[in-house]
Structures are given as C-alpha cells and as structure tokens.
Amino acid sequence: MLNALWNPTVVGEIALPHRLAMAPLTRSRATPDGVPTELNAEYYAQRASHALIITEGTQPSADGQGYPVTPGIYTEDHIAGWRKVTDAVHKADGRIVIQLMHTGRISHPDNTPHHRQPVAPSAIKPAGQTFTPSGLQEMPEPRELSTEEVAATVDDFRRAAAAAIAAGADGVEIHGANGYLVNQFLFPSTNQRTDQYGGSLDNRIRFAVEVATAVADEIGAGRTGIRISPGNPFKLNDLTESDPHELYPHLLRALAPLNLAYLHIGHGGDEELLHTLRKLWPTSLILNRAGADIATRAKDVEDGLADVVTVGTMALANPDLVERVCSGAPLNTPDPATFYGGGAAGYTDYPTHAA
C-alpha cells in the first residue's frame, strides 16, 4: 500500500518526486518585523525530501498578522529573508510554496507592526485569548472592512503572491481554512455584511474567489493552491460552519474554472463531503488527515481520494520522515514544548535517521 506514495506526480506546474508532502505549521521564528532568518532556512532545508513543503502561514500585509514573530511577504526585506529559505530548500533538491495567511479577527493590536485594531468581514468579537508579547490577552472586537478595503485586501494577496515568486518560491497556497480571514467570509457566524460580500452563498464565497482569481492572474494558476477545512478539524478560532454541504461544493464549482494547481483539504471527518469535493475538483487534491498514520494516508492515494497527502507534527519531529518511512525506521515522538517556543528547539534537536 505504501508504494502508492512513491509515484511521481505533477501539481499544476510543480513536478513532485513522490506524494508525501509537508503541511503548513505555524512556527513563530521570524524577526519582530516578519523577516525569515537563517534558522528558518535551516528548518525548511532539513525537510526538503518531502514531496512539497507548504510553509507556515505568512501575512500578506501588516493587517494580516495575527501572532507574534510570524513571517511576512510584503516588503523587500521579507523577500530577501524568504530568498534564503527557498535557496536552501532548492539546494537540497526540494520544492516549496509559501502559504498566504491573513488572520482577520484572530489577532491583537500588540501582535502587529502598526498596533491597529484587527479587521474582519464583520465586527464580531472572537471568543478566547491569543498569545501576545506580554502574554495571553483577550482578542478585541475587530473593525469591519469597508467594501473598498475588501477590494484592497484582495490586492494585498495579489502583491504578496508576486513577492513570493520574487523570493524564489515555487508557488503559493491561499489559506482559506481554520477560521482565518478567507474562511471568515464564508459563514454567517463571522460574516453579517449587507454588501456584495455578505448574505447569499454567492456573496459569501465572493472574497475567496476574488483572491484566488487575483493570485492566479498574477503568478499563474499552475502555481496557485488553496486550502479549505470543512468541519474545522482543529476546532480553531470560534467559527461555526452552518451549511458546509451546501457551501463547499458551491465554492469549488466557482473555483474550478480557474484551473488552480491544487486544492488542499484539512479533513474534518465528514467522509461523504470529502468524496463529494473530490468528484467536483478538476485538478490535484492534497489531503491532510490530522492524526492518521502513514498507512491510512497512503490508502487515500491508492484509492484515488487524494493525489498527494500532507503530514504536520510528524514532519516537525522527523525532518527525515521520507527516509524513515522508506526504510521502516521508527519515528520520533513530537514534543509540543518545541512547537512555538522560539530558538532552535524544534529544528535541530530531533535526531535524524542517520544519527
């Protein structure tokens, strides 16, 4: 069954040597102004044997930042920092796409360079707290984007995609999942707008489709992917999905004509919906089954449900995961204490198969 993982494939314009890819994982190791460092480059280069690396969420603008010391891709310094990363990955014979993540209302003024109120489709305060440089704080009520600002935010994604390609990335992934901005537009629990971006299904998917169209027009559809999370598998960010069986097929029918490189699904457990989306999607489908073992993920490829599968925490703890799976070596156990702590922990302290 695992043999299905090792067949080469092509995702849009990106040729992959096999089908075991690395999922996006927030690491919070950039400089305070969002510039990736040599440590980021080392981390991604260590994992270059994955078929494709999808980077941590990267803000397309100052308004898009939700957490401290996450990377950006909207200044020349950001481009230079990411160039170190992409060069290191390519030198190690890897492929890498930068995930564009605008967090919308999941933010705090202390986490952004301009210390402004978070922005969102509607002024609906998220529940809970978020990490800030001074510790956990309640997330404030966001400011509703004006219609003109929504259009400007679409343009932020377009410019960020161009910057990602200038930084040497093989493509970008639009983060439309997990309760962040694109996802916030999709559901009435976070979108109560009365303009052309709220109300009906067509209006609620409009922002996602406009962002995908703008990015594809800028860098080519063959280098553009999008991630969704039906069922919100990680139960993140206080978002209630009211009509997923109606909304997600409607969204995919609107996106399909763009001929994007891939759709990346964070699977929330609804097998019926997953099979429906597989049938609707015309290009490559990348699937993430959080918590599943490698054999289960390989079966999704063998069965034709996925073209590529992604792994998350397994890739953190096992930089050489591909080599371990191929040889049958045991896997390191992820240490959650290293996930967001900063510094080298979680980069170089996991033993490699050759050690």
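Close-up 1. D63 sits in the loop between β4 (53-58) and α2 (76-91) and R116 in the loop between β5 (96-100) and β6 (119-120), so the pair ties together parts 53 residues apart in sequence. Helices (H or I, at least four residues) and strands (E, at least two) are DSSP runs, numbered from the N terminus.

This is a predicted model, where local features need pLDDT of at least 70 and side-chain atom pairs count only at pLDDT 80 or more, while totals for chains, interfaces and linings use all residues. Residues are numbered from 1 along each chain as its sequence is written, and side-chain values use heavy atoms, leaving out hydrogens and water.

**Close-up 2. D155 and R159 in helix α3.** Here a salt bridge links the two side chains at 2.5 Å, N to O. They are 4 residues apart in α3 (residues 147-166), about one helical turn. D155 has a relative accessible area of 26%, and R159 has 41%.

**Close-up 3. K299 with D303.** The closest N and O atoms of this salt bridge are 2.6 Å apart. D303 is partly exposed at 47%, as is K299 at 38%.

**Close-up 4. A salt-bridge network.** Shared partners join D155, D156, R158, R159 and E218 into one network. The whole structure holds 17 salt bridges.

Key:
Salt bridge = Lys/Arg side-chain N within 4 Å of Asp/Glu carboxyl O. Buried < 20%, exposed > 50% of the residue type's maximum accessible area, 1.4 Å probe, protein only.
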